[in-house]
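Subject: Structure handover

Hello,

I am passing this structure on to you. Please open it first, then read my notes below.

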Amino acid sequence: MSLSESTREILAMLPTAFSESPRFQALLDVIGSTLEAVRVDQANRQLQRFVSTATGDGLARWEKDFGLPVLVDKSDAERRSRILAKLRGPGHLNAALIQNVAEAWVYGTVEVTQQPEQYTITIKFVDPRGVPSTLDDVEAAIEEIKPAHLAVVYQFTFTVVGDLITWGTTCSDLVTQGVTVDALRTWKPA
């Protein structure tokens, strides 16, 4: 009979006479399996305590705690990003706070500039290039923390002809690398 790790741990603490009894080993195996299930449950509960490791029901609890809708159709990474953005949101509004909230989303680097005389905040997605797939969520998080009188302008970075010239990239280089016209908008040399 193959003994679980928990069963072997228990047997190691008992006198040898017990380890030779098949009935006692069977009983210990049941106890060991139960202990193993408790360990797994305890480890899972520990993971749910932190946004960065929470999954499923744990994320749902975090979303409810922060007054966010529970969106089970979104990926765990997107749900974590929404929660982290909410966590980072409170406080005095400034460019650093807005950048912190925007970068909480699973996308990349942003630059934030304020134009107080125009009542505008500009959020530029720098890297990676293109429009983030979670833009709607970013917009909702920013809308929630910004004052109502401020407008937000979103800018995106794309590859332009000037970039290709700066990088010394030719059309034949792009063809060789298999870069399509659609992919060129967000392409960047490695």
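The notes below cover the nonpolar cores and then the salt bridges. Please keep in mind that this is a predicted model.

Nonpolar cores

Start with the largest nonpolar core. It has 18 residues. Ile 123, Phe 125, Val 138, Ile 142 and Tyr 154 have the most contacts inside this core. A second, separate core has five residues. Val 51, Ala 54, Leu 59 and Ile 83 are among them. As background, nonpolar side chains tend to be buried together in soluble globular proteins.

Leaving aside residues up to four places away in sequence, Ile 142 touches Ile 98, Val 101, Ala 102, Ile 123, Val 152 and Tyr 154.

Salt bridges

A search of the whole structure finds eight salt bridges. I describe some of them here. In general, side chains of opposite charge can pair when their charged atoms come close.

Arg 39 counts as partly exposed because its relative accessibility is 36%, between the 20% and 50% cut-offs. Glu 36 is partly exposed too, with a relative accessible area of 31%.

Helix H3 also holds Arg 45 and Asp 41, four residues apart, again about one turn. The side chains of this pair form a salt bridge at 2.8 Å, N to O. Arg 45 has 56% relative accessibility, over the 50% cut-off, so Arg 45 counts as exposed. Asp 41 is partly exposed, at 36% relative accessible area.

Now go to Arg 79 and Glu 63. Their side chains meet in a salt bridge at 2.7 Å, N to O. This pair links distant parts of the chain, 16 residues apart. Arg 79 is in helix H5 (residues 76-88), and Glu 63 is in helix H4 (residues 56-65). Are these two residues buried or exposed? Both Arg 79 and Glu 63 are buried. Arg 82 comes in here as well: salt bridges with shared partners join Glu 63, Arg 79 and Arg 82 into one network.

Best wishes

Notes
Residues are numbered from 1 along each chain as its sequence is written. This is a predicted model: local features need pLDDT of at least 70, side-chain atom pairs count only at pLDDT 80 or more; totals for chains, interfaces and linings use all residues. Side-chain values use heavy atoms; hydrogens and water are left out. A nonpolar core is a set of buried Ala, Val, Leu, Ile, Met, Phe, Trp, Tyr and Cys residues joined through side-chain atoms within 4.5 Å. Buried means under 20% relative accessible area, exposed over 50%, partly exposed in between (1.4 Å probe, protein chains only). Contact means heavy atoms within 4.5 Å. A salt bridge is a side-chain nitrogen of Lys or Arg within 4 Å of a carboxyl oxygen of Asp or Glu. Helices (H or I, at least four residues) and strands (E, at least two) are DSSP runs, numbered from the N terminus.
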